[in-house]
Amino acid sequence: MSYNVIYAGTFDPITNGHLDIIRKASNLFGKVIVAVAKNPSKQPLFELEERVELVKQSCLGLDNIEVIGFSCLLADFAKEQNAKALIRGIRGADDIDYEIQLAQLNYKLSGDLETIFLPPSIEWRYLSSTMVREIYRHNGDISQFVPQAVKNALKFAK
């Protein structure tokens, strides 16, 4: 029986930092599910279906990537997908405590779901979707931070 790994997030929008983690995971594992969370507590730039499509477009050429939207608990989604591990990007010390709490919570909820932390490449260590949204909302140039699919989608959003 083969198991999957999941890289989950809201990806609003997907950034070059996310893509860096996806590529690293793609090189390490046979199949990576990029799980796009609905997350109604945030005010997204894009609806769930749009974010799923942007992630798919951004991951073209990575054959072992599957992109799926979800709106349930991540631990439950992982069980549905036969996943044994979660991939989490960790940029630095500020992320560690929160990410360890999430890892322990997901393990407790699932009974056996492990979390693997991957750092982004140095050039993307500072980058987050929140920062990209903030730059965009203030009419700044985000073109160096996001894949082409996002750049194209944001042209039509204005």
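Among contacts in this chain (heavy atoms within 4.5 Å) between residues at least 6 apart in sequence, 75% join residues at least 24 apart. Before I go on, please keep in mind that this is a predicted model, in which local features need pLDDT of at least 70 and side-chain atom pairs count only at pLDDT 80 or more, while totals for chains, interfaces and linings use all residues. Residues are numbered from 1 along each chain as its sequence is written, and side-chain values use heavy atoms, with hydrogens and water left out.

Turning to the elements, the chain has 6 helices and 5 strands, where helices (H or I, at least four residues) and strands (E, at least two) are DSSP runs numbered from the N terminus. Read from that end, their order is β-α-β-α-β-α-β-α-β-α-α.

How does the radius of gyration compare with that of a compact globule? For 158 residues such a globule would be near 15 Å, and the chain has 15 Å, which agrees; the radius is taken over C-alpha atoms, and the globule rule is 2.2 Å times the number of residues to the power 0.38. Along the principal axes, the C-alpha atoms fill a box of roughly 45 × 30 × 30 Å.

Of the 158 residues, 47% count as buried, a term that means under 20% relative accessible area, as against over 50% for exposed and partly exposed in between, with a 1.4 Å probe and protein chains only.

Aspartate 20 belongs to helix 1, residues 16-28, and at a relative accessible area of 12% it is buried. Apart from residues up to four places away in sequence, aspartate 20 touches Pro120, Ser121 and Trp124, and a polar atom of its side chain lies 2.6 Å from the backbone nitrogen of serine 121.

Glutamate 99, in helix 4 (residues 93-110), also counts as buried, because its relative accessibility is 6%. If neighbours within four places in sequence are set aside, glutamate 99 is in contact with Arg88, Gly89, Ile90 and Phe117.

And serine 41, is it buried or exposed? Serine 41, which sits in the loop between strand 2 (32-37) and helix 2 (48-58), is exposed, with a relative accessible area of 67%. Its C-alpha atom is separated by 16 Å from that of glycine 69, which is 28 residues away along the chain.

Key:
Polar contact = N/O pair within 3.5 Å; in protein donor to acceptor, adjacent residues only side chain to side chain.
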